[in-house]
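Have the model open and check each label against its rule.

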Amino acid sequence: MQEKILILDFGSQYTQLIARRVRELNVYCEIHPYNHFPQPDESVRGVILSGSPYSVRDAQAPQADLSAIKGRLPMLGVCYGAQYLSQQFGGEVRPSATREYGRAILSKVVANNPLIAGLSDRTQVWMSHGDTIVKIPENYRIIASTDTVPVAAFQIEGEQTWGIQFHPEVYHSTEGKQLLKHFVVDICGCRQQWTPDSFIESTVRELRDKIKGDKVLLGLSGGVDSSVAAELLHKAVGDQLVCIFVDMGLLRKDEFESVLKSYESMGLNVIGVRAGDKFLADLAGVTDPEKKRKIIGRDFIEVFDAEAQKLTDVKWLAQGTIYPDVIESISVNGPSATIKSHHNVGGLPEKMNLKIVEPLRLLFKDEVRRVGRQLNVPADILGRHPFPGPGLGIRILGEVTAEKVRILQEADKIFIDGLKESGLYDQVWQAGVMLLPVQSVGVMGDERTYENCVALRAVTSTDGMTADWVHLPYDFLAKVSNDIINRVKGINRVVYDISSKPPATIEWE
Ligand SMILES: Nc1ncnc2c1ncn2[C@@H]1O[C@H](COP(=O)(O)OP(=O)(O)OP(=O)(O)O)[C@@H](O)[C@H]1O
Ligand SMILES: O=c1[nH]c(=O)c2[nH+]cn([C@@H]3O[C@H](COP(=O)(O)O)[C@@H](O)[C@H]3O)c2[nH]1
Ligand SMILES: NC(=O)CC[C@H](N)C(=O)O
Ligand SMILES: [Mg+2]
């Protein structure tokens, strides 16, 4: 049985970070919302209570029944979690005189407490709170304080229960990871055996048990997630896996051929479908970004459906869903507000009556890459920048036409090849070119031009949720701009996007 830590999520922006830190210790963990928390079974070694945007004093403050956990399993409350543990059991939480965000220095009150024993005597921790614990219940013992927060860490006497006001999961808490290690390894007794190898072994076994002799269909995009999912399924059920890769006419230049080729070397059974004409015909005359996305999403389903009809005995639909996708859709505050309707294949099962299998649904992107590396997925696929499902369709602002796709493919190739040639590709999280619905005057070879403008976009990010523009070297930008203007007919001006997300999203539509 897979031993694990459960994280009870009160909705903090840092909850995912706690999970990442625990997993970095090679200990498996899962996040569950406070209002759908499962009854812990024997595999659970301990529970971490997360922070929260709410105050425990709010009328709508999230409440969780801890009776199945408290005193039975080791428990660590972080920030709101610690405040909750105090307030629920007879302590008191009040707004602090000054809200405290950022650096604080933690001093030990009880030096040999197992949670903090190995830490430096004055260690930097990161705070983010407006409330403070002013009184702890009688059987609680303060184990560490800061200059302004007397109750910075406590343990409940006679119980394996701790609370900490600071955030050990953020990088700026210098010894935060060590504190988490004390909790999950020393206190909870986890053995740190969760690795890509062990994940592959157990997942392959589970997939075989589940799928048995049936056929599985997978939409393959050339991206990281669907490629690793394909390789994992291939290892589990071999030729029972059939993959469909759709050329919707909005791929990068030569991408259809090159992606199909890279899958050949992986021994996958891939059906390449050219459907560009259909997508372009359906997009003709449409300028509204949301309408374009919906059309592309619908066309994907139609193409997929038509291909599936040609196959017999397919029972399963495999998807490359990863953990952030799952967390977003079940998060405490409900699915995050729709900013853009992300294309996905989620509409398929209802229509096609297939059962869903999602082997990566509990992994973060970098873990997916680690698993992929272990499965020998080619490095050029694993290192790829994310590419949106609707492809260049959402990078051509306004109406999409075959001619605009051609222009953008050329410009995009120059930019991406340039990044690769100058060794910048791996320092950038995602890059692309946007074709703007703007024409401007230029002069080329003494002649007046009145042509299109493109914007280059290159960002750093960890998960696509927030992003910042990359300070690409001027010389590099100058060369790319020059190459695009000289070599791509139809473009006479290049600009660089220097907006962060938020407020500007990575894609322009
Ligand atoms: N051209 C395509 N043909 C078939 N399926 C596709 C295509 N593009 C996207 N999909 C499906 O849509 C899913 C979502 O796409 P998404 O871009 O989020 O993930 P990905 O391509 O697997 O990974 P990455 O985030 O690295 O691009 C994919 O996992 C894949 O199943
Ligand atoms: O598969 C996808 N289908 C979509 O409809 C879609 N829209 C945006 N993206 C990708 O998501 C990340 C965040 O993009 P935005 O900042 O533009 O919202 C970036 O990595 C985008 O490329 C998509 N991926
Ligand atoms: N980060 C947190 O968990 C904050 C808890 C609570 N909202 C406070 O401000 O004190
Ligand atoms: Mg993709």
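Predicted model: local features only at pLDDT ≥ 70, side-chain atom pairs only at ≥ 80, totals over all residues.

Residues are numbered from 1 along each chain as its sequence is written, and chains are lettered from A and ligands numbered from 1 in the order in which they are written.

Q: Why is Cys79 called buried?
A: A residue is buried if 20 or more other C-beta atoms, placed from the backbone, lie within 10 Å of its own, exposed if 12 or fewer, and partly exposed in between. Cys79 has 24 other C-beta atoms within 10 Å, so Cys79 is buried.

Q: What makes Glu169 count as buried?
A: Glu169 has 25 C-beta neighbours inside 10 Å, and therefore counts as buried.

Q: Which residues does Glu169 contact, leaving aside its neighbours within four places in sequence?
A: Two residues are in contact if their C-beta atoms, placed from the backbone, lie within 7 Å. For Glu169 these are Tyr14, Leu17, Ile18, Arg21 and Gly176.

Q: Where does UniProt place the feature "active site"?
A: The unreviewed UniProt entry places it at Cys79, His167 and Glu169. They span 91 residues in sequence, yet no two of their C-alpha atoms are more than 11.2 Å apart, so they gather at one spot. UniProt annotations may be inferred rather than shown by experiment.

Q: How do you know that the span of helix 3 agrees with its number of residues?
A: Helices are DSSP runs (H or I, at least four residues) and strands are DSSP runs (E, at least two), numbered from the N terminus. The expected span of a helix is 1.5 Å times one less than its number of residues. Helix 3 (residues 176–187) has 12 residues and should span 16 Å; its end C-alpha atoms are 15 Å apart, which agrees.

Q: What covers the buried residues of helix 3?
A: The cover includes strand 1 (4–9), helix 1 (15–24), strand 3 (44–49) and strand 4 (75–78). Among the buried residues are Leu179, Leu180 and Phe183.

Q: What makes strand 10 and strand 11 a pair?
A: Two strands pair if DSSP finds at least two bridges between them. Strand 10 (residues 215–219) and strand 11 (residues 241–247) have four bridges, in the parallel sense. The chain crosses between them through helix 5 (residues 224–237), and this β-α-β crossover is right-handed: with the strands pointing away from the viewer, the path from the first strand over the helix to the second runs clockwise.
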